[in-house]
Amino acid sequence: MKKHVPDMEKAEQLHNQLQEMLAERRARQTEGVAALHRLLQVAICDTGQSGVCARFLLGLYNGSEHPFNLVDLRRLDESLHQDCLAVLDLDYMPAQEVHRYFKGGDRIWRVLAERWGGKPDAR
């Protein structure tokens, strides 16, 4: 009977660890989705940072068609840089593709590709 007590304790520890991991993942997902929305708002504008945000999002959408130079992240202000990191964290184990978080996401990403795909900003 004594063997079962440590096994139960171990099972409870594993259960608690799993619950903590799931809570962390939910928090990262919530943060990542909010950051994704902020990045898209910048990407659809015409600011100095719009091209970087758009190409970053296009790279997540289809990296082979829209390669993204990570050095360009240095051109972003700190809050947008942090948003990119949060979106990368979101996309690490994706629940869905980035464009699927938006109604009409396929169309939105086509517009981004037409405007920003394949043409880096002038420095």
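Here's a quick rundown of the core, the cysteines and the aromatic pairs. Keep in mind that this is a predicted model. The largest nonpolar core has 28 residues, a search of the whole structure turns up three aromatic pairs, and the disulfide count is zero.

**Nonpolar core**
- Leu36, Leu39, Phe56, Leu57, Trp109 and Leu112 are the members that touch the most others in this 28-residue core.
- Helices H1 (4–43), H2 (50–61), H3 (78–92) and H4 (105–116) each give it two or more residues.
- H1 puts in the largest share, with seven residues.
- Leaving out anything up to four places away in sequence, Leu112 touches Leu40, Ala43, Ile44, Ala54, Leu58 and Gly117.

**Cysteines**
- No disulfides here: for Cys53, the nearest cysteine sulfur belongs to Cys84 and sits 5.4 Å away, while a disulfide would need the sulfurs within 2.5 Å.
- Cys53 is buried at 0% relative accessible area, and Cys84 is buried at 0% as well.

**Aromatic pairs**
- Phe56 and Phe68 have ring centres 5.7 Å apart and planes at 75°, so they count as edge-to-face.
- That pair ties helix H2 (Phe56) to the loop between H2 and H3 (Phe68), parts 12 residues apart in sequence; both residues are buried.
- Tyr61 and Trp109 are a tilted pair, because their centres are 6.3 Å apart and their planes sit at 45°.
- This one ties H2 (Tyr61) to H4 (Trp109), 48 residues apart in sequence.
- Tyr61 is partly exposed at 28%, whereas Trp109 is buried at 0%.
- Ring pairs also link Tyr61, Phe102 and Trp109 into a cluster.

Key:
Residues numbered from 1 in each chain as written. Predicted model: local features only at pLDDT ≥ 70, side-chain atom pairs only at ≥ 80, totals over all residues. Heavy atoms only, no water. Core = buried A, V, L, I, M, F, W, Y, C linked by side-chain atoms within 4.5 Å. Buried < 20%, exposed > 50% of the residue type's maximum accessible area, 1.4 Å probe, protein only. Helix = DSSP H or I, 4+ residues; strand = E, 2+ residues; numbered from the N terminus. Contact = heavy atoms within 4.5 Å. Phe/Tyr/Trp six-rings, centres within 6.5 Å; stacked < 30°, edge-to-face > 60°.
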